[in-house]
Amino acid sequence: MKKKSSAALWLSLPALVLLLLPFLTLIGITQWQHFQLAWGDSHAIATSLGLGGIALLLIIASGLPLAWWLSQSSGKVRMIVEVLVLIPMLTPPLALGILLVSAWGPYSPAGELLQRVGVTLVNNPASFVMAQWYGALPWFVISARSAFANVPTPILEAGMMLGASSWQRFWRLAIPVAAPGLAAATVLAWVRAMGEFGIVMIFSYFPQGIPVQLYNNLQNDGVDAVYVLMWLLLLFTLPLPLACFLLTRNAFRRAL
């Protein structure tokens with residue numbers, strides 16, 4: 001058995017090298033003696049963190065009911081809804097940006113209606129939040145649905161027999177049991193929102209968040225100008241997923 005595991009490890013080396021080499025290279029080529037932000041980087045960080053936080057709240061508020069319904073439903077309607085959620089996940093981000101412009105831009109029917117009440121969704125904070133919301137929502141829904149699906153049915157049935165309402169079963173039984181999975185879904189949505197480039201680039205070039213600022217620095221000043229902001233993007237996105245992974249792993253071990 002150990003020999004088989006050792007052989008599998010050696011066969012895994014190409015994949016491990018492919019995954020790790022870019023990060024190891026980043027450590028080596030970063031000019032640590034000149035580690036400072038470029039012009040506009042601080043504004044991009046504030047934009048991504050501030051508006052990304054708003055987008056995350058919208059993702060959770062809109063995604064939780066849909067994820068719960070998908071986990072508890074069956075039949076053709078559920079299948080259709082699930083396909084509708086999956087389609088944005090499978091569509092390239094640049095195409096999604098074009099679709100958002102077509103649907104919500106100033107020359108679309110919806111955009112013209114919004115303009116009548118003084119609202120526009122292009123190159124402003126509202127469009128930035130919309131782009132992040134749209135890009136990350138399907139990932140949250142699919143992950144949260146899996147978390148809810150793992151809630152044992154007898155727990156929910158016991159709550160129903162004791163007279164708990166649907167809302168009480170959702171809030172007091174399903175949410176606590178599915179909490180680790182929901183935390184993972186939230187972190188995944190945060191990473192997707194923070195790193196969203198294609199949709200934001202097309203639908204909301206201004207204000208510029210970290211990914212678009214990285215692109216501008218690369219175009220204007222070359223690859224050496226992006227390393228500081230790249231490190232900060234990793235700092236804002238990686239610790240939460242890694243911590244969530246470790247906590248979930250430890251909880252699973254304790255459950256065993």
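**Note on the salt bridges**

1. Arg 78 is partly exposed, with a relative accessible area of 22%. Here buried means under 20% relative accessible area, exposed over 50%, and partly exposed in between (1.4 Å probe, protein chains only).

2. This is a predicted model, in which local features need pLDDT of at least 70 and side-chain atom pairs count only at pLDDT 80 or more, while totals for chains, interfaces and linings use all residues. Residues are numbered from 1 along each chain as its sequence is written, and side-chain values use heavy atoms, with hydrogens and water left out.

3. The structure holds 3 salt bridges. A salt bridge is a side-chain nitrogen of Lys or Arg within 4 Å of a carboxyl oxygen of Asp or Glu.

4. Arg 78 pairs with Glu 82 in a salt bridge, with 3.2 Å between the closest N and O atoms. Both residues belong to helix H3 (residues 76–90) and sit 4 residues apart, about one turn of the helix. Helices (H or I, at least four residues) are DSSP runs, numbered from the N terminus. Glu 82 is buried, at a relative accessible area of 14%.

5. Glu 82 also forms a salt bridge with Arg 145, at 1.7 Å from N to O. Arg 145 lies in helix H6 (residues 125–149) and Glu 82 in helix H3, so the pair ties together parts that are 63 residues apart in sequence. Arg 145 and Glu 82 are both buried.

6. Arg 192 and Glu 196 form a salt bridge at 3.6 Å, N to O. Arg 192 is partly exposed, with a relative accessible area of 27%, whereas Glu 196 is buried, at 6%.

7. Through shared partners, salt bridges join Arg 78, Glu 82 and Arg 145 into one network.

Methods:
Helix = DSSP H or I, 4+ residues; strand = E, 2+ residues; numbered from the N terminus.
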